[in-house]
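Here is a short tour of one structure.

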Amino acid sequence: MSDLVVNIGAKSFPAVDRAPAQQALQDLAFSVSHGEFVCITGPSGCGKTTLLNLLAGLDTDYQGEIRLPRVTGRTAPVVGYAFQAPRLLPWRTVQENLQLVADNPRGSDSVDELLQLTGLQDFRHAYPQRLSTGMQRRVALARAFVVSPDLLLMDEPFVSLDEPTAVRLRLLLLEVWQARPTTVIFVTHDLREAIQLGGRILQLTDTPGRIALDVPVNLSSTERADPAVIEHHRLRLLESAQARH
Amino acid sequence: MRPRANPWWQLASILLLLGLWQVAAGIADSRVLPVPMEVFVVLGEGLASGELPYHLVVTLARVAASFVLAMSIGIAVGIAMGRLPALDRFLDSWLVLFLNLPALVTIILCYVWFGLIESAAVLAVAINKIPNVVVTVREGARSLDKDLDEMAQVYRLNGPARLRHVVLPQLAPYLLASARSGLALIWKIVLVVELLGRSDGVGFQLSLFFQMFDVANILAYALAFIAIVQAIEWFALRPLERNLNRWRR
């Protein structure tokens with residue numbers, strides 16, 4: 001088992017039509033040990049999604065090096081990605097959406113287990129468009145775990161949900177993650193969400209994104225469920241971010 | 001899903017058409033415009049003698065062969081052109097050329113180059129249809145969802161799985177549209193091909209009836225063919241469409 005090592009010298013987008021060229025990331029280096037849950041926060045447009053796309057291998061046009069964590073015995077690291085939108089195949093049922101990715105030769109016979117874990121057993125034969133947004137995100141979460149990923153990427157997967165639903169899904173995420181531990185990179189612009197979920201928080205600066213703050217979060221699960229504790233930590237984080245400027 | 005049409009309304013419309021035909025034939029009072037009843041009698045005779053079904057089957061086989069050929073080539077080229085801008089630019093002028101090539105020219109050239117043989121006939125029809133399929137499918141391939149594409153890439157779906165589960169379902173409405181328009185176009189061109197260079201099939205029969213001014217038989221064959229194409233729409237295309245759309249809200 002190896003760590004995730006990120007060492008990006010520069011990532012820029014070339015000018016397209018009338019939009020000018022843009023420097024998205026610069027001198028961004030960090031490493032994440034196996035099984036860590038890291039939240040990446042930062043202002044909108046600081047390159048968080050760009051970073052995830054680099055990690056996922058969707059974008060290979062950058063300077064630097066990324067070494068994905070790898071579980072021994074696998075020929076290539078497997079990545080699970082919960083996108084900002086669920087990105088389910090609408091013509092396949094919930095179960096079929098999971099099976100499609102799990103049925104790959106890598107083999108992972110855990111569709112049933114994940115449907116169970118995410119409370120989707122009763123909806124396994126439903127088509128995604130007939131489900132609520134919260135439910136669709138649950139399916140996307142289950143799909144990201146069903147491939148038994150070496151690295152799980154999450155891009156604000158609970159954004160634009162009402163707060164109670166978002167809270168429920170965050171707890172669900174932690175539950176599933178404890179049942180099937182893996183390295184997680186969770187991107188959010190919401191510091192509270194980051195404190196509630198992460199074992200460590202990386203804060204990025206404004207564009208071009210680099211690391212402004214790298215702090216551990218040592219909270220018990222009861223503390224994570226307490227809004228007052230979360231708020232206290234948030235203020236402390238903001239203070240230390242100020243102090244660095 | 002479309003609201004179901006009232007069957008009585010449709011029946012009334014067909015009866016009105018028959019009525020107009022009857023009146024027109026009565027006024028013309030001519031051998032070249034027979035009354036509906038006469039056409040139905042001729043249709044019955046053709047069915048009973050087995051001659052009409054034979055030629056229908058021959059023509060339908062040609063329609064099926066040309067349809068399959070045109071759809072498979074058209075879909076492959078259409079997807080490729082929709083996905084690869086360089087190829088699209090390169091082949092675009094070919095496409096314009098074939099789109100505007102008159103059907104008759106293709107048919108004559110195929111017969112001249114390959115002889116009056118079955119494969120030349122089927123090829124000529126397919127060549128007429130392929131550009132239309134390409135244009136429709138290319139439109140669909142251009143509008144494929146990039147988000148789903150990235151999803152497929154991250155979850156490492158292999159080529160065939162991507163085609164089957166991600167690309168083709170998105171193209172389904174375009175494929176159905178070109179299947180529909182293809183059926184209508186192809187059977188009309190098949191008749192011309194038969195008229196020019198085959199010794200069986202509906203087109204060949206029509207040319208014989210034309211020489212004898214046998215309008216009743218011409219109309220009988222036309223009616224039989226219309227009925228079959230409508231049956232394909234009802235019993236193949238509509239159920240297929242319903243099945244493809246079952247996931248929609």
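## Two helices in chain B

Which residues in H7(B) meet which residues in H8(B)? From H7(B) come Leu148(B), Asp149(B), Ala152(B) and Gln153(B). From H8(B) come Arg162(B), Val166(B) and Gln170(B). By class, this contact has 3 nonpolar, 2 polar and 2 charged residues. The model is predicted.

H7 of chain B spans residues 146-154, and H8 of chain B spans residues 159-197. Their axes come within 11 Å and cross at roughly 175 degrees. Angles over 145 degrees count as roughly antiparallel, so that is how H7(B) and H8(B) run relative to each other.

## A cavity by the helix pair

Rolling a probe the size of a water molecule over the atoms shows where empty space is left. The search of the whole structure finds 2 cavities of 30 Å³ or more.

The second largest cavity has a volume of about 30 Å³. Its lining consists of Arg83(B), Leu144(B), Asp145(B), Leu148(B), Asp149(B), Val166(B), Val167(B) and Gln170(B). H7 and H8 of chain B are the elements that give two or more residues to this lining. The largest share, 3 residues, comes from H8(B). By class, the lining has 4 nonpolar, 1 polar and 3 charged residues.

## A pocket along H8(B)

H8(B) also lines the second largest pocket, giving the largest share with 9 residues. This pocket has a volume of about 570 Å³. In total, 24 residues line it. Nearest its centre lie Ala172(B), Leu175(B), Leu176(B), Leu240(B) and Leu244(B).

Helix H3 (51-83), H8 and helix H10 (215-244) of chain B each give two or more residues to the pocket lining. The classes are 17 nonpolar, 2 polar and 5 charged.

## Two domains in chain A

Chain A is divided into domain 1 (4-78 + 151-243) and domain 2 (85-148). The C-alpha centres of these domains lie 23 Å apart. Their contact takes 20 residues from domain 1 and 17 residues from domain 2.

## The largest cavity

Which domains of chain A give at least three residues each to the lining of the largest cavity? Domain 1 and domain 2 both do. The cavity has a volume of about 50 Å³. Its lining residues include Phe83(A), Pro86(A), Arg137(A), Leu141(A), Met154(A) and Phe158(A).

Helix H4 (residues 133-146) of chain A gives the most to this lining, with 3 residues. The lining divides into 9 nonpolar, 1 polar and 1 charged.

Definitions and conventions:
Residues numbered from 1 in each chain as written. Chains lettered and ligands numbered in written order. Predicted model: local features only at pLDDT ≥ 70, side-chain atom pairs only at ≥ 80, totals over all residues. Heavy atoms only, no water. Axes fitted to C-alpha atoms, helices over the stretch in contact; angles between N-to-C directions. Helix = DSSP H or I, 4+ residues; strand = E, 2+ residues; numbered from the N terminus. Parallel < 35°, antiparallel > 145°, perpendicular 65-115°, else oblique. Contact = heavy atoms within 4.5 Å. Nonpolar A, V, L, I, M, F, W, Y, C, P; charged D, E, K, R; others polar. 1 Å grid on protein atoms, 1.4 Å probe; cavity = no way out; pocket = protein on both sides within 12 Å on 5 of 7 lines; lining within 4 Å. Points joined across faces, edges and corners; volume = space filled by probe spheres on them. Domains from an automatic or database assignment.
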